[in-house]
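Let's take a walk through a protein fold together. Keep the picture in view as you read.

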Amino acid sequence: MLVASIAALLAIAPTAFGETTHTYAVTLTISVDREAHKIDGTVASDAPGLFCELSTVRIRKAMPGHDKVVGRLTPYGNEWHMKSPPALRGERVYAEVSTYRLPSRPVECLGARSRTVTAP
């Protein structure tokens with residue numbers, strides 16, 4: 001009987017103390033400024049604070065097969081900016097963020113990808 005009681009308590013404990021993970025969608029935009037040779041965009045979500053808006057943005061060059069990462073940016077607020085290097089001009093690029101979970105909180109930010117644009 002004692003063993004059955006302990007087993008029942010151990011089975012109930014994870015569900016009683018478990019936290020609900022809050023999942024938030026992320027919206028990622030990209031735009032180009034041809035005169036200034038800049039690529040910029042925004043990261044937005046409904047997450048409280050700036051949890052999802054501060055995720056690292058990767059700029060990828062669209063290629064056959066695996067797309068090459070050509071830049072990694074950390075947004076300031078929810079905006080990011082990048083100078084377009086001469087080697088990238090005229091290439092098709094897009095921005096993406098990966099899905100990640102905050103280790104200290106029950107928050108998960110979903111990954112996102114922007115539309116593809118031509119680098120200036």
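How many bridges join strand 5 to strand 6? There are five, and the two strands run antiparallel. Before we go on, a word on what you're looking at: this is a predicted model, where local features need pLDDT of at least 70, side-chain atom pairs count only at pLDDT 80 or more, and totals for chains, interfaces and linings use all residues. Residues are numbered from 1 along each chain as its sequence is written, and side-chain values use heavy atoms, with hydrogens and water left out.

Now the overall plan. The protein has one helix and twelve strands (DSSP runs numbered from the N terminus: H or I of at least four residues for helices, E of at least two for strands). Starting at the N terminus, the order of elements is α-β-β-β-β-β-β-β-β-β-β-β-β. Strands of a sheet pair through backbone hydrogen bonds, either parallel or antiparallel. Here, two strands count as paired if DSSP finds at least two bridges between them.

Back to strand 5, then. Arg60 is a handy landmark: it stands opposite Val69 in strand 6, and its bridge partner in strand 8 is Tyr94. Four of the five residues of strand 5 are buried, so this strand is largely enclosed by the rest of the structure. (Buried means under 20% relative accessible area, exposed over 50%, and partly exposed in between, using a 1.4 Å probe and protein chains only.)

Next, find strand 7 (residues 79-83). In a regular strand the side chains alternate between the two faces of the sheet. Strand 7 is joined to strand 4 by five bridges, and the two run antiparallel. Met82 has Ile39 opposite it.

There's also an open sheet of three strands, in the order 1-10-9, with mixed pairing. Its edge strands are strand 1 (22-24) and strand 9 (100-101), each pairing on one side only. Strand 1 and strand 10 pair in the parallel sense over three bridges, and Thr23 has Glu108 as its bridge partner in strand 10.

A disulfide is a covalent bond between the sulfur atoms of two cysteines; the cut-off used here is a pair of cysteine sulfur atoms within 2.5 Å. By that rule the count is one: Cys52 and Cys109, with their sulfur atoms 1.9 Å apart. The pair links distant parts of the chain, 57 residues apart: Cys52 sits in the loop between strand 4 (38-45) and strand 5 (57-61), and Cys109 in strand 10 (residues 107-109). The torsion about their S-S bond is about -80°, so the disulfide is left-handed. Cys52 is buried, with a relative accessible area of 1%, and Cys109 counts as buried at 1% too.

Finally, step back to the whole protein. Of its 120 residues, 32% count as buried. Among contacts (heavy atoms within 4.5 Å) between residues at least 6 apart in sequence, 57% join residues at least 24 apart.
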